Amino acid sequence: MGYAMAARLAKVGCDLSVWNRTKSKAEPLAEYGAKVVDHLSDLAACDIVFTMVSTGDDVKELLFGANGVMSKGGKPKLVIDSTSISLEASAEIRAELATHGVQMLAAPVSGNAKVIKAGKLTIVASGPQGAFDMALPYLDTVGAGVSYVGEAELSAGALAGWGAVHARTDVTVEG
């Protein structure tokens, strides 16, 4: 999860633990009450873990790597992945998490730091309904437009397509 998303959660009082490959990037979040952890495995005690990195391989390393979230045997209840990755990578990660009894919600986002700060981030989520219900209060905090599209895998391409249709619908409704 990006800094601006984490800041929104921390500012409303969420019990938030954060980790970043570059610790200094996470440290300012402590000003808002976030706990900056030294190791990814420290996040395993959290109910929900958000990931937002560059690739599916990065997500796998963060979760399952030698020093990953689940490397010391702990596990969250839910992983929310906001990384724009392929359907195949998302399915692989979801399947591996399931073997550990962890649910996953794919929740790619559309927007940048300015959009997030303005509270207008768009999020499209897929995964088990119960996982979405658990995540919704947090997704609503970081975004203005949260849509649940069911249990099927969701790709970044689907998000882009959804955004184009949604934008067209907005124009049609207003026109």
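Leaving aside residues up to four places away in sequence, valine 102 touches Met70, Lys75, Pro76, Lys77, Leu78, Val79 and Leu97. This is a predicted model, by the way. Valine 102 sits in the loop that runs between α4 (87–99) and β5 (103–106). With a relative accessible area of 3%, valine 102 is buried, because anything under 20% counts as such.

Now for the cores. The largest nonpolar core holds 28 residues, and Ile80, Leu105 and Leu139 have the most contacts inside it.

| Element | Residue range |
|---|---|
| α1 | residues 3–11 |
| β3 | residues 48–51 |
| β4 | residues 78–81 |
| β7 | residues 122–125 |
| α6 | residues 129–142 |

The largest share of this core comes from α1, which gives six residues. Another core, of 20 residues, lies apart from it and includes Cys46, Val69, Ile93 and Leu97. As a general rule, nonpolar side chains in soluble globular proteins tend to be buried together.

How do α1 and α6 pack, and at what angle? Their axes are 8 Å apart and the angle is about 110°. That value falls within 65 to 115 degrees, so the two helices are roughly perpendicular to each other. The crossing of α1 and α6 is right-handed. On the α1 side, Met5, Arg8 and Leu9 meet Tyr138, Thr141 and Val142 of α6. Sorted by class, that contact has four nonpolar residues, one polar and one charged.

Terms used: Residues numbered from 1 in each chain as written. Predicted model: local features only at pLDDT ≥ 70, side-chain atom pairs only at ≥ 80, totals over all residues. Heavy atoms only, no water. Core = buried A, V, L, I, M, F, W, Y, C linked by side-chain atoms within 4.5 Å. Buried < 20%, exposed > 50% of the residue type's maximum accessible area, 1.4 Å probe, protein only. Helix = DSSP H or I, 4+ residues; strand = E, 2+ residues; numbered from the N terminus. Axes fitted to C-alpha atoms, helices over the stretch in contact; angles between N-to-C directions. Parallel < 35°, antiparallel > 145°, perpendicular 65-115°, else oblique. Left-handed = near helix turned anticlockwise from the far one by under 90°. Contact = heavy atoms within 4.5 Å. Nonpolar A, V, L, I, M, F, W, Y, C, P; charged D, E, K, R; others polar.
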